[in-house]
Amino acid sequence: MNTIKEIHDFKELCLQTETTVRDLQGPIPVNDVPTYAKKEIIKEELEDDNIKLELSDLDIVNDDCLEINTDVLVGMEKCKYKQCGFQTPNKSTLKNHMLTHNSVKPFVCETCGYSTPLKSYLKVHMRTHSLVKPYVCDTCGFCARQKWNLKQHIVIHSSVKPFVCETCGFATRQKWSLKNHMLIHSLVKPFVCETCGYSTQHKPYLKYHMLTHSSVKPFVCETCGFSTKRKWDVKKHMLTHSLVKPFVCETCGYSTPRKSYLKVHMRTHSSVKPFICKTCGYSTQHKSYLKSHMLTHSSIKPFVCGTCGFSTRFKSILKRHMLTHSSKLV
C-alpha cells in the first residue's frame, strides 16, 4: 500500500501553495499506478461526500485523461484531470465535479430513468416532472424551476447591455444572445433539414423546425387540454389561465402577463408602422399582418376545401367558405 500513500501525499502537496506546485517538475501520470490505487483515490473522495459505494462498483471512464494537474492558480481549486480545465474557489464544489469523471451514477430518477453522480443534480432534475417553481422574481413574479433560470431572467429588468456587436453596434444583456446575433453577419447555415432542405445558422432553430414535419403534440395544458408541438407555446398558453398581469400600458391601462404583448400593444398608440412590404410599400404595425399581406403577391393557395376543391391563400377565408357547405345541409 506504499503506492497509495505516495499518491495521497502528492495530492495534498498539490493543493497547498502555488510556490510548491511550481517547484514540481511536471505531472505524475496516474496511468503508472495500479488500477486498485486509482479506485482507492476516487473511493476516498466519494466517502468524503457521504456516498457509500463498493470498490467493485467504481469504473474509470477514460484512463487517458487521468493525469494529475499541477497547474493550480492562487485561491482556486482546479480539476486534477489535465484535459478538463474546470476550476472553482470552493473545495466542496471541486469534490462534486470530480464525480463527473466517473461513470458511476448512483442517483436515479424513478420516473424517467435519468441518472447522475450527484444527489443535488437529481433534486434539480425532479423539478422537470413537477409544476413547482421555487425561484421567484421579486419584480414581476416570474417563476423558475432552477436558480440559474431566474438569474438569466433578472437581467431583463436592467437597462445595462454590456455585450456589443463590433460589426453593427447591436447590444444585449446576455453573452449567448450576442453569440447568436453574430451569426447573422455570416452566410453560413450549417444546420440543414434532411426532409425539406430548410437551413439555418442555429441548431435550436433546426430542432424547432423539425416539429413542423411531425403531427405529435407532446406538450399539453393540464387546465384545458390545449396541446402543442412546442414547450414554449404551452408556457405562453398557460399565462391565459393566470390573473396576474404585471405589464401595464400607462396610456390606456391595458394589462398583460407578457412584456412582448405590451410592446405590440404600444404600437396602437403610435403612427409608426415598422413592417413594410418591399413589393408594394404596404406598411403595418404588426409582423403577422405583413406576413398575411405577402400572400397577396403569391399565386400559392395552400388552404384547400376537401369538399369542392376551393382554394385560398388564407386560413380564415377557408373557414368562412366551409360554412357555405354546412348551410346547404340544413
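Q: What should I know about the model and its numbering before we start?
A: The model is predicted, so local features need pLDDT of at least 70 and side-chain atom pairs count only at pLDDT 80 or more, while totals for chains, interfaces and linings use all residues. Residues are numbered from 1 along each chain as its sequence is written, and side-chain values use heavy atoms, with hydrogens and water left out.

Q: How many salt bridges turn up in the whole structure?
A: The search finds two, where a salt bridge is a side-chain nitrogen of Lys or Arg within 4 Å of a carboxyl oxygen of Asp or Glu.

Q: Which residues do they link into a network?
A: The network joins Arg 230, Asp 233 and Lys 236; the closest N and O atoms are 3.8 Å apart for Asp 233 with Arg 230, and 3.9 Å apart for Asp 233 with Lys 236.

Q: Why are Asp 233 and Lys 236 about one helical turn apart?
A: Because they are three residues apart in helix 9, residues 231-238 (helices are DSSP runs of H or I, at least four residues, numbered from the N terminus).

Q: Is Asp 233 buried or exposed?
A: Asp 233 is buried at 18% relative accessibility, whereas Lys 236 is partly exposed at 27% (buried means under 20% relative accessible area, exposed over 50%, partly exposed in between, with a 1.4 Å probe and protein chains only).

Q: New topic: how many disulfides are there?
A: The count is zero, a disulfide being a pair of cysteine sulfur atoms within 2.5 Å.

Terms used: Helices (H or I, at least four residues) and strands (E, at least two) are DSSP runs, numbered from the N terminus.
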